[in-house]
Amino acid sequence: MAAELALGSALAAIGAGVAVGFAALGSGIGQGIASSAGVGAVAEDSGMFAQGLVFTAIPETQAIYGFLIAILLLVFSGIMGGSPLGVTSGLVAIGAGAAVGFGGLGSGMGQGIASSASVGAVVEDPNMFAQGLVFTAIPETQAIYGFLIAILLLVFGGILGA
């Protein structure tokens, strides 16, 4: 016999999926863009492997933010034990998932583009590494905004600490 979920907890499951799914999509696209530049740089100069790897890894953070919110939703929604959520809290959970998921989607892609350009700049001038890191970090702010709003929704929506 399959276990039944309360509607609010089922909505939280959707929120968890949106959180990790869209944030990971942005990270994956961003890392793919950065990786392609890294491979080209290494083909041109084998000493670029470490720098290319650093720029490729940076867009991973968006997926981490989505993963963390998804885990919090699963743990505090009654899906993994505990009290099930009501419908209102379930809707808040979808909002939290959307905030971090869509923030991570755009940020991850933007960060991949900036990472790719930074790899190209470092191939031309190795002294551009620090500046490239700064430019690559700037698109991260949108993911951080989404992550913070997701946390605020979870706290003030009664999901965390309820």
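This is a predicted model: local features need pLDDT of at least 70, side-chain atom pairs count only at pLDDT 80 or more; totals for chains, interfaces and linings use all residues.
1. A word on terms to begin: a residue is called buried when its relative accessible area is under 20%, exposed when over 50%, and partly exposed in between (1.4 Å probe, protein chains only).

2. Residues are numbered from 1 along each chain as its sequence is written, and side-chain values use heavy atoms, with hydrogens and water left out.

3. Now the overall layout. The protein chain has six helices and zero strands, where helices (H or I, at least four residues) and strands (E, at least two) are DSSP runs numbered from the N terminus. The C-alpha atoms fill a box of roughly 60 × 35 × 20 Å, taken along the principal axes.

4. Next, the inside. A nonpolar core is a set of buried Ala, Val, Leu, Ile, Met, Phe, Trp, Tyr and Cys residues joined through side-chain atoms within 4.5 Å. The largest one has 19 residues, of which Ile69, Leu73, Val100, Ala150, Leu154 and Ile159 touch the most other members. Helix 1 (7–44), helix 3, helix 4 (87–124) and helix 6 are the elements that give it two or more residues, and helix 4 provides the largest share, five residues. A second, separate core of six residues includes Ala37, Ala41, Phe55 and Val122.

5. Which residues does valine 100 contact, leaving aside its neighbours within four places in sequence? They are Ala19, Ala23, Tyr65, Gly66, Ile69, Gly146, Phe147 and Ala150.

6. Beyond its neighbours within four places in sequence, glutamate 140 is in contact with Ile58, Thr61, Gln62, Tyr65, Ser107 and Gln111.

7. The protein chain exposes about 7800 Å², with carbon and sulfur atoms supplying 75% of it (Shrake-Rupley method, 1.4 Å probe). Phenylalanine 67, in helix 3 (residues 61–76), is partly exposed, with a relative accessible area of 48%.

How values were computed
Contact means heavy atoms within 4.5 Å.
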